[in-house]
Amino acid sequence: MPQNDRSPTMPAFRRPAAAARAVPADAIALAALGTPNMPHIERPSTARGGSGWIGGSTGCRKSTLFTYFQVQSIAYEYAHVPPGARRSWVLFDLKGDGCEPLLGGLARIPGALENTYYLDPFARNGAPGQFPLNLMRADTAGLPTDLLAVQFAHLIGHVSGAGVLAMPLGGRQMERISSTAHAAWETPGSSPIWIVDALSNPAAMDRLAARCPNERARRFLQAVRLPPDAMAATWTRVKSVLSPYAEVENMFGASSSLDWSRLTAPGVTTIVRMGDPPGGSLELVEFFASLLVRQCFSNLLASRQSPWPGHATTIAIDECQLAAVGLQDVLRRLVETGRSRNLQILLISQGTRALRDASGALFESLLTNSRYAITGRLASADAALYVREALGPAVAQSTASRITSELISLPPGEFYFSEANGLPTRFRAVDADREGWARALRANATAIEAMKRRLCPRPLPPAVHLEDAPEVAPAVRAADDPVPATPQRRRPRSRLG
Ligand SMILES: Nc1ncnc2c1ncn2[C@@H]1O[C@H](COP(=O)(O)OP(=O)(O)OP(=O)(O)O)[C@@H](O)[C@H]1O
Ligand SMILES: [Mg+2]
């Protein structure tokens, strides 16, 4: 058994000889050898890959198939594409079980691990994955701060109004959150933690107002008043999202924020793992997924004109149904407009109805605009919906019924593949080298641990709270913003003045 699976002599990319005959040279075969019509996906760096969707009930091996495709694609890039032109990948793993196999696969590709970043917003007790996320110091991609504040308030309102955090917020409470967030965005040296601080009591709110140099934001902040009980409830909800425990608070209170241009540079793979939210709260998964996918996408949009001649980027979201409500608008835009900017979105979800229920428009857009769809075993209602919506009335009733009943009883590892609304073909997935990935994971444990800490080698220091922050003289505030510069920080101005 090889002691080190990252031996440079190991070929970075292998395709079975028979598969190479059956699929185009720049494509990744998905099916086991001998499958008629050999389903495959174009290797996306040369072709504008187009978006795709992989669906199926739990355990049907969709994540394994996706990881295989991703590892094969990255291996091909490293073996055949010049460094500056390589595709970048951002994988959001909302359940967290796909990261380790992928890391094992990456460890076998010479050079890939050195260009991988690992983020885990729920990393605790010294585990790797923390990262700075001070939204007030992030590149806002040209979005006005008042708009960002409203989006932010809605996201908090949404996630804190469902599930275990259930307590719907009223309109006045949402205004209170967005006005506080807007003032925080306009105040030098602030962080999202100052929103929590300001909402905790009226004196703290006055302290934020006194520091805010934007007159309109300040006046709005002072105009919106809530009764004490509503104020306390608002503070509790915001705190439960922005500061559920010290590590998350420290990420929001950091002195910088993620630099998405670095995380999506050519050849870079960024893995965002969200497997262990505090108390199993899926609302926090949805919150962080929405926040980070939004940031990633708006930075990519802002930095790429259309058509974009540069390197391609794939954003993949495994278990995307967990964040589909909060993300529906941004996912639709990605599916519908990403192509001309060489952005590809791959969505992996359990079933079809969860996506349709989260957003009918997103579901329809996926079926209409996806380059391909891969479906494993589905529950009967999911299968009926898929066949009715994806195949449409053009397919004979008998064919539709046959495919529906086969979809319901597909064994693990078997899928249907359809491309651009064509009739789906059934196939057995290629046997991914899961043993090899697991071996490489063990053999490269030290390098992988170091990679996971690259973005944040030491635990982040405690966040600075509003009451502890040094005073800034008003004259300095108004004339010249002394905020330490995040590299590409633009000064977004509020549309209100
Ligand atoms: N060829 C295989 N033989 C045996 N087990 C496999 C094979 N491929 C995958 N598995 C295992 O089957 C399990 C389910 O696979 P996978 O996680 O890919 O399913 P999934 O469809 O993504 O499920 P979920 O929706 O729950 O995430 C995993 O433990 C995986 O390691
Ligand atoms: Mg999975």
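# Close-up views of a predicted model

View 1. Strands of a sheet pair through backbone hydrogen bonds, either parallel or antiparallel. The sheet to which these strands belong is open and has 9 strands with mixed pairing, in the order β5-β6-β4-β7-β8-β3-β9-β10-β11. Its edge strands are β5 (116-119) and β11 (425-428), each of which pairs on one side only, and the twist from one strand to the next averages 15°.

**View 2. Helix α12 against the sheet.** Helix α12 (residues 282-303) packs on the sheet, where it touches β4 (88-93), β6 (269-273), β7 (313-318) and β8 (343-349). The direction of α12 makes about 170° with that of β7. The loop between α12 and β7 holds Pro-307, and the peptide bond that leads from Ser-306 to Pro-307 is cis, with omega near -5°.

**View 3. Helix α12 with helix α13.** The packing angle between α12 and helix α13 (residues 324-337) is about 30°, and their axes lie 9 Å apart. Because angles under 35 degrees count as roughly parallel, α12 is described as roughly parallel to α13, and the crossing of the two helices is left-handed. On the α12 side the contact is made by Glu-286, Ala-289, Ser-290, Val-293, Arg-294 and Phe-297, and on the α13 side by Gly-326, Leu-327, Val-330 and Leu-334. Sorted by class, the residues of this contact between α12 and α13 are 6 nonpolar, 2 polar and 2 charged.

**View 4. Helix α4 across helix α5.** Helix α4 (residues 145-159) and α5 pack at an angle of about 135°, and their axes are 8 Å apart. That angle makes α4 oblique to α5, and α4 passes α5 in a right-handed crossing. From α4 the contact takes in Thr-145, Asp-146, Leu-148, Ala-149, Val-150, Phe-152, Ala-153, His-154, Ile-156 and Gly-157, which meet Met-174, Ile-177, Ser-178, Ala-181, His-182 and Trp-185 of α5. The class count for the contact of α4 with α5 is 10 nonpolar, 5 polar and 1 charged.

**View 5. Helix α5 across helix α6.** Helix α5 (residues 171-185) also packs with helix α6 (residues 192-200), at an angle of about 130° and with the two axes 9 Å apart. This angle makes α5 oblique to α6, and the crossing in which α5 passes α6 is right-handed. Thr-180, Ala-181 and Ala-184 are the α5 residues that meet Pro-192, Trp-194, Ile-195, Ala-198 and Leu-199 in α6. By class, this contact of α5 with α6 comprises 7 nonpolar residues and 1 polar residue, with no charged residues.

**View 6. The shell around ligand 1.** Of the 14 residues around ligand 1, those that come nearest are Thr-58, Arg-61, Lys-62, Ser-63 and Thr-64. Helix α2 (residues 62-80) supplies the largest share of this shell, namely 3 residues. By class, the shell around ligand 1 divides into 1 nonpolar, 7 polar and 6 charged residues. Arg-61, one of the nearest residues, lies in the loop between β3 and α2, and its phi is near 80°, a positive value in a residue other than glycine.

Definitions and conventions:
Residues are numbered from 1 along each chain as its sequence is written. Chains are lettered from A and ligands numbered from 1 in the order in which they are written. This is a predicted model: local features need pLDDT of at least 70, side-chain atom pairs count only at pLDDT 80 or more; totals for chains, interfaces and linings use all residues. A residue is near a molecule or strand if its C-beta atom, placed from the backbone, lies within 6 Å of it. Helices (H or I, at least four residues) and strands (E, at least two) are DSSP runs, numbered from the N terminus. Ala, Val, Leu, Ile, Met, Phe, Trp, Tyr, Cys and Pro count as nonpolar, Asp, Glu, Lys and Arg as charged, and the others, Gly among them, as polar. Two strands pair if DSSP finds at least two bridges between them. Axes are lines fitted to C-alpha atoms, for helices over the stretch in contact, and angles run from 0 to 180 degrees between N-to-C directions. Two residues are in contact if their C-beta atoms, placed from the backbone, lie within 7 Å. Angles under 35 degrees count as roughly parallel, over 145 as roughly antiparallel, 65 to 115 as roughly perpendicular and the rest as oblique. A crossing is left-handed if the near helix is turned anticlockwise from the far one by less than a right angle, and right-handed if clockwise.
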